[in-house]
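Here is a short report on a structure. Please keep the sequence and the 3D view open while reading.

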Amino acid sequence: MELDRFFNVSQSLLRDKFVLGYSGHVSEDILQEVGNKLRERLENHACNSAQSRNVFSIFVELMQNIIRYGVDGPKIGPKFEPDFDPIPDPKGDRRDGKNPLFEDVPPFGIIMVSESDGMMSVIAGNYIATDEGETHMLADKVAMLQSKTPQDLREMYRAQLRNTPDKKSKGASLGLIEIARKSTLPIACEMTPMPDGLTFFTIKATV
Amino acid sequence: MTGLKLEATKRTPAIDLDTTRGRLVLMGESYPEDVAGFYAPLTSALNTYLENGANALATEIKLTYFNSSSARALRDLLEQLDSAAARGTAISVDWFCDPDDDITQEFAKDIAANISHANVSIQDLDAT
């Protein structure tokens, strides 16, 4: 990165109090390491233990969503050679198997926690394979959660807890409801179409 | 009698199923990498205990944090206990939550909402 682009990135990051950021391939090990560091930093940054707890659990759900649904980024630059074992996938259910290009490569993601006027935001971004149906379904689901009251969210959580997770969701879609419940402001998301059959998905929660 | 004893890790709770005293304790945090794999030994040890004429089981849940996948595992655990209670085993579940943590208390109540035979009580963590 050129120094002037770096300067622009740093200025926009420093405008809000930057708590922690990670960008790169995401695995359960990374979740663990970055999560530990986040907890240390929250001791200094968070207003109270409730804020700290909610930020941490939103972080865990967002990282696990990247691990479950994310894919590697566009194939630019040298091909990624993992220097560690690819994510263990004993049941073969972490990937949808739709795009063999993405098999065995850990998903790429970026996550940032920052603070502004006593509020903390957690923003995550990752590539997903573009699939019109599923991409819309995810965006619709976030939009639907935005309009719900805490009581609505609680009822949805209860209902979802009774269901067995549907095969397509590859995990508890309780995760998104949990993020919405723990977010003080409505959660927001954006889908940006990218080359190579990819979509960049960003999601933000504020506590 | 075979029980189960697991030490806590950063991502998994300590589990102590003491079949001679009829006691089960889960304590710590729960956001395992492989939720199903982590809770499977508990499910099977409980099955062995409950299917072999256990009279009673007193359960204590003291989880300061659990993720959404663990919530499902906890629901399954309570349902397993509830069906044993329906068959006549005296089952109590004391679920301890941080009194300042409203959402986790709600989660605990929601997870326990459909339990009808076991005696579930949500309590303050500080009270112990």
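## Terms and numbering

Two strands pair if DSSP finds at least two bridges between them. Helices (H or I, at least four residues) and strands (E, at least two) are DSSP runs, numbered from the N terminus.

This is a predicted model, in which local features need pLDDT of at least 70, side-chain atom pairs count only at pLDDT 80 or more, and totals for chains, interfaces and linings use all residues. Residues are numbered from 1 along each chain as its sequence is written, while chains are lettered from A and ligands numbered from 1 in the order in which they are written.

## The sheet of chain B

In chain B, six strands make an open sheet with mixed pairing, ordered E1-E2-E3-E4-E5-E6. The edges are strand E1 (4-6) and strand E6 (119-124) of chain B. Each has a single partner strand, so one side of each lacks a neighbour in the sheet. On average, neighbouring strands are turned by 15° against each other, direction ignored. Axes here are lines fitted to C-alpha atoms, for helices over the stretch in contact; angles run from 0 to 180 degrees between N-to-C directions.

Strand E2 (residues 14-18) and strand E3 (residues 23-30) of chain B run antiparallel, joined by five bridges. Ala14(B) has Met27(B) in E3(B) as its bridge partner. Helix H1 (residues 35-51) of chain B packs on the sheet and touches E1 and E2 of chain B. The direction of H1 makes about 10° with that of E2(B). Contact between two residues requires C-beta atoms, placed from the backbone, within 7 Å.

## Strands and a turn in chain A

Strand E1 (residues 17-25) of chain A pairs with strand E2 (residues 108-116) of chain A over eight bridges, in the antiparallel sense. His25(A) has Phe108(A) in E2(A) as its bridge partner. E2(A) also runs antiparallel to strand E3 (residues 119-129) of chain A, again through eight bridges. Ser114(A) stands opposite Ser121(A) in E3(A).

E2(A) and E3(A) form a hairpin with two residues between them. Asp117(A) lies in the turn. Its phi is positive, about 50°, although Asp117(A) is not a glycine. Asp117(A) counts as exposed because it has 6 C-beta neighbours inside 10 Å. The cut-offs: buried means 20 or more other C-beta atoms within 10 Å, exposed means 12 or fewer, and partly exposed is in between, with C-beta atoms placed from the backbone.

Asp196(A) also has a positive phi, near 65°. Asp196(A) sits in the loop between strand E4 (185-194) and strand E5 (198-206) of chain A. Asp196(A) is partly exposed, with 14 other C-beta atoms within 10 Å.

## A covered helix

Helix H6 (residues 174-182) of chain A is mostly covered, with nine of its nine residues buried. Among them are Glu178(A), Arg181(A) and Lys182(A).

## Where the chains meet

The contact takes 19 residues from chain A and 18 residues from chain B. On the chain B side, H2(B) gives the largest share, five residues. That side has six nonpolar, three polar and nine charged residues. Ala, Val, Leu, Ile, Met, Phe, Trp, Tyr, Cys and Pro count as nonpolar, Asp, Glu, Lys and Arg as charged, and the others, Gly among them, as polar.

Helix H5 (residues 150-162) of chain A packs with helix H3 (residues 102-111) of chain B at about 40°, their axes 10 Å apart. H5(A) and H3(B) are therefore oblique to each other. Angles under 35 degrees count as roughly parallel, over 145 as roughly antiparallel, 65 to 115 as roughly perpendicular and the rest as oblique. Arg154(A), Tyr157(A), Arg158(A) and Leu161(A) of H5(A) meet Glu106(B), Asp110(B) and Ile111(B) of H3(B).
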